[in-house]
Amino acid sequence: MDRQITGFHQDEQGVWVAELECGHQQHVRHDPPWQVRPWVLEPSTRQGRVGTILPCSICDAEKYEDARIQGLCHDGATEVSRKKPLA
């Protein structure tokens with residue numbers, strides 16, 4: 001589920017973490033060639049990412065689990081978890 005970035009902080013190891021509007025957090029590393037996010041290295045480019053979108057896998061998983069509890073099969077729950085919420 002797509003969520004806006006509301007801010008950043010560093011974890012205990014000094015890795016940058018994006019704070020998402022849903023209250024969850026996501027590490028944002030620049031570790032080429034696996035993760036290419038040079039914008040995370042500088043304060044000004046990090047700040048420029050506030051308000052942009054990152055997918056929140058925790059929200060997706062929660063939505064999937066809710067659909068399973070409601071009796072949907074795996075395929076149905078997966079489809080529900082990928083749909084965007086109504087505005």
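In the protein chain, residues 24 or more positions apart account for 37% of the contacts with a separation of 6 or more, a contact being heavy atoms within 4.5 Å. The model is predicted: local features need pLDDT of at least 70, side-chain atom pairs count only at pLDDT 80 or more, and totals for chains, interfaces and linings use all residues. Residues are numbered from 1 along each chain as its sequence is written, and side-chain values use heavy atoms, with hydrogens and water left out.

The secondary structure of the protein chain comprises three helices and four strands, where helices (H or I, at least four residues) and strands (E, at least two) are DSSP runs numbered from the N terminus. From that terminus on, the elements follow the order β-β-β-α-β-α-α. Of the 87 residues in the protein chain, 29% are buried; buried denotes under 20% relative accessible area, exposed over 50%, and partly exposed in between (1.4 Å probe, protein chains only). The protein chain exposes about 6,100 Å², of which carbon and sulfur atoms supply 52%; accessible areas come from the Shrake-Rupley method with a 1.4 Å probe, and for residues only the protein chains shown count as cover.

The four strands form an open sheet of order 3-2-1-4 with antiparallel pairing. Strand 3 and strand 4 (53-55) are the edge strands, each pairing on one side only. From one strand to the next the twist averages 50°, with axes taken as lines fitted to C-alpha atoms, for helices over the stretch in contact, and angles running from 0 to 180 degrees between N-to-C directions. Two strands are treated as paired if DSSP finds at least two bridges between them.

Strand 1 (residues 2-10) pairs with strand 2 (residues 16-20) in the antiparallel sense over five bridges. Within this pairing, Gly7 has Glu19 as its bridge partner, and Phe8 stands opposite Ala18. The hairpin of these two strands has five residues between the strands, and Gly14 takes a positive phi near 85° in it. Strand 2 also pairs in the antiparallel sense with strand 3 (residues 25-27), over three bridges; here Ala18 stands opposite Gln26. This second hairpin has four residues between its strands, and Gly23 in the turn has a positive phi of about 100°. In the loop between strand 3 and helix 1 (43-47) lies Pro33, and the peptide bond from Pro32 to Pro33 is cis, with omega near 0°.

The largest nonpolar core has 11 residues: Met1, Ile5, Phe8, Ala18, Leu20, Val28, Trp39, Val40, Leu54, Cys56 and Cys59. Strand 1 and strand 2 each supply at least two residues of this core. Such a core is a set of buried Ala, Val, Leu, Ile, Met, Phe, Trp, Tyr and Cys residues joined through side-chain atoms within 4.5 Å. Not counting residues up to four places away in sequence, Phe8 touches Trp16, Val17, Ala18, Glu19, Val28, Trp39, Arg46, Arg49 and Val50.

The structure holds zero disulfides, a disulfide being a pair of cysteine sulfur atoms within 2.5 Å. Cys56 is buried, at 3% relative accessibility, but its sulfur is 3.7 Å from the closest cysteine sulfur, in Cys59, and is therefore too far for a bond. Cys59 is likewise buried, at 7% relative accessibility. The closest cysteine sulfur to that of Cys59 is in Cys22, 3.7 Å away, which is too far for a bond.
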